[in-house]
Amino acid sequence: VEGATLTVTVLSPGDRTYTGLYSIDPGMVRMDIFVNGNLYWRGLMDAETYSEPYERARDYEVSLQGTDFGILDRRRWEYGGGFMSVMDVVRRVLGVCALDDLPVDTGMISTTMSDGSALNLEDIVVNCENFINDEGEGLKLKEVLQGVLQPLGLHIRQCYGKVYIYDINGFRKGASREIYWTADRQDLGVDRVYNTCRITFSPGMRSGNLFGADDDFDAPPTWFI
């Protein structure tokens, strides 16, 4: 889930004109950015923080922040169980982000069906019981969106008035241009390293483990991840 953030600086016409924004419910204020009359980016105002200069009465700068997928960390799945296509799940989630009226472009998905036809997310069905934990509480919508896209190696982002769902291989086949490396410094870094880890499995809609309700599974003494 490749979200984006936005910071807009506006002039406050009077004293504390925008202070009420910090107490609004998440998702109540939408931010649309237009370039040359065309929608470039859309998001929802992040109302968690707010500040402004206290010593001036008017015409001072106020910074307003917004995110497109940021609200997904605050909202949970509340659409029950049952079966639903991957695209329907995506549309439900986009509706929470106020992005459901934008066209969804899937033209950069390189994965195909066994007969060579293009992958259609309308034809892939998931059981929404997996979006409800053992306590009966829905998962956060970001987890839901990641859960239906990650097995297919798909990414999602919003820009230029569209929502793009793509994979890296499909993106690579798009338009390209030659670039020139001009920096004289490169860095080598490593990610976190774990000495021990524990892998847990939640069966969700079914009992037992992946190998059958009565089968045992012996893990090797050493796992390389």
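**A tour of the aromatic rings**

Begin by selecting tyrosine 40, which has a relative accessibility of 36% and therefore counts as partly exposed (buried means under 20% relative accessible area, exposed over 50%, and partly exposed in between, with a 1.4 Å probe and protein chains only). The model is predicted, so local features need pLDDT of at least 70 and side-chain atom pairs count only at pLDDT 80 or more, while totals for chains, interfaces and linings use all residues. Residues are numbered from 1 along each chain as its sequence is written, and side-chain values use heavy atoms, with hydrogens and water left out.

Searching the whole structure gives 3 aromatic pairs (rings of Phe, Tyr and Trp, the last by its six-membered ring, with centres within 6.5 Å; planes under 30 degrees apart are stacked, over 60 edge-to-face, and the rest tilted). Because tyrosine 40 belongs to strand β3 (residues 38–45) and tyrosine 160 to the loop between β8 (155–159) and β9 (162–166), the pair ties together parts 120 residues apart in sequence (strands are DSSP runs of E, at least two residues; helices are runs of H or I, at least four; both are numbered from the N terminus). Tyrosine 160 is exposed, at 54% relative accessible area.

Next select tryptophan 77 and phenylalanine 131, whose ring centres lie 5.0 Å apart with planes at 70°, so they too are edge-to-face. Tryptophan 77 sits in the loop between β4 (60–67) and β5 (83–85), and phenylalanine 131 in the loop between β7 (125–127) and α2 (141–149), so parts 54 residues apart in sequence are tied together. Both residues are buried.

Over the ring of tyrosine 79 sits the charged end of arginine 92, 4.8 Å from the ring centre (the criterion is NZ of Lys or CZ of Arg within 6 Å of the centre and within 35 degrees of the ring normal).
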